[in-house]
Amino acid sequence: MTATEQPPERAEAPGLRRRVLVAVVLGLAVYAALALWADLDGLGEALRAIPWWAPLAACSLSLTNYLVRFPRWQRYLALTGSKVRGWSSLRIYLAGLSLTVSPGKVGEAMKSWLLRAEDGTPIARSAPIVLAERLTDLLGFLVLIALTSTAADHAWISGAALALTAGLLVLVGSRGASSLVTRTVARLPLVGPMAGRLEESLDASRRLLSPRELPLATLLAAVGWFLECLACWIIARSVLPPGVGLVEGLTLAEVTYAFALSAVAGAVVVIAPGGLGVTEGLLTGLLESGYRAAGLASGAIRGTALSVTLVTRLCTLWFAMAVGLLALRWHQRAVGSRRPAQPQAEGQ
């Protein structure tokens, strides 16, 4: 490495800062628009009504969600031939959360660059891990929706997600479909030379999403994301008097359905980074219905629902980004401590 070159982890930092800044600015713009829609005074009062312990419990559950899904990541590493294990694996896994606010969470593909720098795993072989994680996350949410749904009002959202997931699984799982795609890409100008890498990625994806691997990966996703549904329920319940909403409106099943459906809607609209705007809007509307059924005063419903949504997203989406940035810094420092010091030139 020459004196002017940067380690791969450091080279990512400037672009990462720009992406994080864009995500934060976009998030603030979306939340400002929602606040104006809901009435600032009512929103401020509703935010003050949320006790301090509720966001703390929610963040703890979010962190547990990442740890529950970590074995899936480790299994995928083994299937792709990566030798990264232990703390290095955990650091890279968590560092991917730093770009969770990206369209379809594709920013998490940064983990592939970190893996290549760590043990030389080719990006074409490790990049399918992000696809497999997203697909099994979607399937996990769909399991939660199926277990808690009592109405068909929003069935088109889960139906669209199921169709998208099924289509990608067929593309990856069928050798004929994969071969057709790679042959088509090979004949195209500019991208034709990438056909070989695409074929390698599809082969890796086929191993990750095989019928043998899919059930456990989906189960880990469902259990992990249920913890964030539970986090939303704790925040939503924390502003109500004891006993209110336990039977109707804000039961754990109903809030799980609302959170899972909102997350799926944000995932289906892939152009929305982290589901920004889409997830918040749908979750607020579903929580409004819950508070109305629970008997909350009509004047306080919208402000309360939006405040719960914003705090929930702070403890899930934005907390994930914060954890990712800390993990990336941790990884950079760990890599730096392993790198031998550069010898000084003679005469210096």
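Predicted model: local features only at pLDDT ≥ 70, side-chain atom pairs only at ≥ 80, totals over all residues.
Reader: Hi! Why are α3 and α4 called roughly perpendicular?

Author: Good place to start. Helix α3 spans residues 53–80 and α4 spans residues 86–95, and they pack at an angle of about 110 degrees. Angles of 65 to 115 degrees count as roughly perpendicular, so α3 and α4 fall into that class. Their axes are 10 Å apart, and the crossing is right-handed.

Reader: What makes the contact between α3 and α4?

Author: On the α3 side, the residues include Tyr-66, Arg-69, Phe-70 and Trp-73. On the α4 side, Ser-89, Ile-92 and Tyr-93 are among them.

Reader: What makes the pair Arg-69 and Asp-137 a salt bridge?

Author: The closest N and O atoms of Arg-69 and Asp-137 are 3.3 Å apart. A salt bridge needs a side-chain nitrogen of Lys or Arg within 4 Å of a carboxyl oxygen of Asp or Glu, so this pair qualifies. Arg-69 lies in α3 and Asp-137 in helix α7 (residues 128–148), so the pair ties together parts that are 68 residues apart in sequence. The structure holds eight salt bridges.

Reader: Why is α4 called oblique to α14?

Author: The axes of α4 and α14, the helix of residues 298–338, cross at roughly 140 degrees and come within 7 Å. Roughly perpendicular ends at 115 and roughly antiparallel needs over 145, with the rest counted as oblique; therefore α4 is oblique to α14. This crossing is left-handed. Contacts come from residues including Trp-87, Arg-91 and Ile-92 of α4, and Ala-327, Trp-330 and His-331 of α14.

Reader: How do you know that α11 and α12 are roughly perpendicular to each other?

Author: Helix α11 (residues 214–238) and helix α12 (residues 252–268) pack at an angle of about 115 degrees, with 9 Å between their axes. The class runs from 65 to 115 degrees, and α11 and α12 are therefore described as roughly perpendicular. The pass of α11 over α12 is right-handed. Among the contacting residues are Phe-226, Cys-229 and Trp-233 of α11, with Val-255 and Phe-259 of α12.

Reader: And what makes Trp-52, Trp-53 and Leu-56 a nonpolar surface patch?

Author: Members of a patch must have over 30% relative accessible area and no salt bridge, and nonpolar side chains, Trp and Leu included, are joined within 5 Å. Trp-52, Trp-53 and Leu-56 together make a patch of about 410 Å².

Definitions and conventions: Residues numbered from 1 in each chain as written. Heavy atoms only, no water. Patch = residues over 30% accessible without salt bridge, like charges linked within 9 Å, V, L, I, M, F, W, Y side chains within 5 Å. Areas by Shrake-Rupley, 256 points an atom, 1.4 Å probe, with all protein chains shown as cover. Axes fitted to C-alpha atoms, helices over the stretch in contact; angles between N-to-C directions. Helix = DSSP H or I, 4+ residues; strand = E, 2+ residues; numbered from the N terminus. Parallel < 35°, antiparallel > 145°, perpendicular 65-115°, else oblique. Left-handed = near helix turned anticlockwise from the far one by under 90°. Contact = heavy atoms within 4.5 Å.
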